[in-house]
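Have the structure open beside you as you read.

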Amino acid sequence: MARLTIPKEELLRPGHAACPGCGPALAVRLLLKGLGARTIVSIPASCWTVIAGTYPSSALGVPVLDTPIESTGASISGLRAAADALGLEGLTVVGLAGDGGTADIGLQALSGMLERRTDAIYVMYDNEAYMNTGIQRSGATPLGAWTTTTPVSASARGKAEPKKDVMSIVLAHRPAYAATANPSFPEDLVAKAEKARAVHGARFLHLFTPCPPGWKFDSADSVAMGRLATETGLFPLYEVEDGRLKITRRYSRLKPVGEYLSRQGRYSHLTPQEVDAVQAEVLRGWVGLLRREAEAGPAHDAPSASLLTR
Amino acid sequence: MTVEVLSGNHAQSEAVRLARVQVVSAYPITPQTTVVEGIAEFVASGRFPTQFVKVESEHSALQVCVSASALGARTYTATSSQGLLLMHELLHWAAGMRAPIVMGVVNRAVAPPWALGADHTDTFSQRDTGWIQLYAENNQEVLDMVLEAYRLAEDPAVRLPVMVAEDAFYLSHTVEPVDVPAQEAVDAFLPPRQGHAILRPGEPSRLGSFTSPEDYVLFRHELAAAADRVVPTLGEVEGDFARRFGRSLGGTVVPYRCEGADAVLVTLGTASTPARATVDALRSEGKKVGLLKLRLLRPFPESELRAALRGVGAVGVFDRAYTFGAAGAVATETRAALYGERERPALTSFVGGVGGREVTPSLVRRVFDHLLRGPEEGIVWSDLEPHRELETHG
């Protein structure tokens, strides 16, 4: 029998306020198993403000600091600076922000934190819209998705623009470690959290976190929805360490993206042609990822002096 | 103690070093820049072992301080004008989280149009954020106030953030001799911050969580009660400072030749200096005038101000800013404070020195002439038409 690799310690306690089937709740439960109890978490306005519970209770077994929505990158910089100044050893500093708080209003503070090589882990839990305020589109909402601010009518087809590629923005800052993860693949998520904890420097995790009320699917299907997102190639699992990209969940054949889209009410208006367009985009992304993985190698790391003029 | 020739900005940097601040975070803005350049030099020279986080905005600068403060670090930031306005949201967070941050603010005009000169619109517009606001008249006061500010902010009775405000260029870039106390003397006056860490590693807890209306009001009421303890606590801090360093900043309101005065002018910041000289000149001419320098704007020292103005016939308030649709901000505060008095003096709001315009002795003399003409209420834009007699508007 295979050994269980997921730590037993539960740092998400009973009594949290998440919706049934909440992807962000499951993702953070697993994340904290990988990070351990000597962690401090900074949470901006987001679903997790509510999930963690109402004063005076807290559903997390670690200290939590609340901040305004755009502050996460700066907040974890402050926590790190204080931990260093006060000699608080072995403290893992974590920012836990939603996609809106990261891809939109928090992007500047995130960029600042990455550029400063802040020794902290920034986690974006991505449920692909402003879910806490009631399903408004964010920069991370995918093309064609219905939200309350991208309604569907005869002339409107949901979100008109593709999802913002936050990972590419992050990687342009050359972080010490960056990875995508998905709670439907718990061993992979926990392993990446453990790795992120062990690395020093600026680290980033992009967590894919299905949202039953926002995406309009049955709350019993959250894990299945997460698995389909990766198995279709829509949300590939990979990590980037010292500039080297490695796919951590590899498929020789991907499932058709329609299997994923057709199970969510937010895509129920899509025509077969629109599904085909999403499929083509997913395949382009997957091929691009394979190429980036193949490109990354020792030669990539050591620029030759012969490139310089003499 | 040594005497050094320092600008107001370098008085801030020196004080921050002497206070052994553990986390500094700032973003550059004219005319604050030399504060943080001074700190950067101290850090680079090895004289000041602080964590200096050079952030990408003022908003982030204050967030760094708020978060660092939650773990128990002594923190500092400095800004001015637009930068302070960008911090507005975090100003509320800092006070609400009872973070004893000290911030140097170089008072500068707010755009548009762009202007760099001294003006109090930036700090006046932050009066409702829960921060204590202290205003300096000279560079010695800047240094002393920053040291006192940490004692005040970190006092268990207070636990509120403090702004130490200095006028752009008149202080920020003007050098004066400043007594710089010895490190040991500062250490004895200001021990390390203790017992204030709200979040501790390994201890599940939460700061800032979602509250019900029933709980929210309790937090706000505690904040209000803390603000009420600022004036007495500042008195204790200043008493200790005076015993140790042999000089005193003189309390929340500092009267000058107010005995038997027919007219008293209330000032804030550097306008107090030409006003004091003018009071001397007018007194030598037999005119009964006095000056009341205000050092604390938030919380407003109501009873101290009332006591100081009791029996005065005409009060003028000189504001380096205007609260639109009302009057000078200090004038509206002063008027409100005097409402509880049985005998209320006539109060004129003088708006002057706006955007860095010079407040000259001759301008102050015209202000006093206006006050001595007789009790008259209203608002006077004293910068305008300096060669003609001032007219009352409103």
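## Ground rules

Two strands pair if DSSP finds at least two bridges between them. Helices (H or I, at least four residues) and strands (E, at least two) are DSSP runs, numbered from the N terminus.

This is a predicted model, in which local features need pLDDT of at least 70 and side-chain atom pairs count only at pLDDT 80 or more, while totals for chains, interfaces and linings use all residues. Residues are numbered from 1 along each chain as its sequence is written, and chains are lettered from A and ligands numbered from 1 in the order in which they are written.

## The seven-stranded sheet of chain B

The strands concerned are β5 (residues 102-107) and β7 (residues 162-167) of chain B, which run parallel and are joined by six bridges. Both belong to an open sheet of seven strands, ordered β3-β2-β4-β5-β7-β6-β13 (chain B), with mixed pairing. At its edges are β3 (51-54) and β13 (296-298) of chain B, each pairing on one side only. On average, and with direction ignored, neighbouring strands of this sheet are turned by 20° against each other.

Helix α7 (residues 139-154) of chain B packs on this sheet, where β5, β6 (132-135) and β7 of chain B are touched, and the direction of the helix makes about 170° with that of β7(B). Axes here are lines fitted to C-alpha atoms, for helices over the stretch in contact, and angles run from 0 to 180 degrees between N-to-C directions. Two residues are in contact if their C-beta atoms, placed from the backbone, lie within 7 Å.

## The six-stranded sheet of chain B

Chain B also has an open sheet of six strands, in the order β10-β12-β11-β14-β15-β16, again with mixed pairing. β10 (253-256) and β16 (378-381) of chain B each have a single partner strand, so one side of each is left without a neighbour in the sheet. From one strand to the next, the twist averages 20°. Within this sheet, strands β11 (residues 263-268) and β12 (residues 289-294) of chain B run parallel and share six bridges, and L268(B) stands opposite L294(B) in β12(B).

Helix α11 (residues 272-284) of chain B packs on the sheet and touches β10, β11, β12 and β14 (314-319) of chain B, at about 165° to the direction of β12(B). Helix α13 (residues 329-338) of chain B lies across β11, β12, β14 and β15 (346-351) of chain B and runs at about 145° to β14(B).

## Two domains in chain B

Domain bounds come from an automatic or database domain assignment. For chain B that assignment gives domain 1 (2-245) and domain 2 (253-381). Taken over C-alpha atoms, the centres of domain 1 and domain 2 of chain B are separated by 27 Å.

Where do they touch? Contacts link 27 residues of domain 1 of chain B with 21 residues of domain 2 of chain B. On the side of domain 1, α6 (121-124), β6 and α10 (230-245) of chain B each supply at least two residues, and β6(B) has the largest share, with four residues.

## How chain A meets chain B

Between the chains, 37 residues of chain A are in contact with 36 residues of chain B. On the chain A side, α3(A) gives the most, with eleven residues. The bridge partner of L65(A) in β9(B) is L207(B).

## Helix pairs in chain A

The axes of α3(A) and α5(A) come within 6 Å and cross at roughly 40°. Residues making this contact include T72(A) and I76(A) of α3(A) and L110(A) and M113(A) of α5(A).

Elsewhere in chain A, the axes of helix α1 (residues 23-35) and helix α7 (residues 186-198) of chain A come within 7 Å and cross at roughly 45°. In this contact, residues of α1(A), among them L30(A) and L31(A), meet residues of α7(A) including L189(A) and V190(A).
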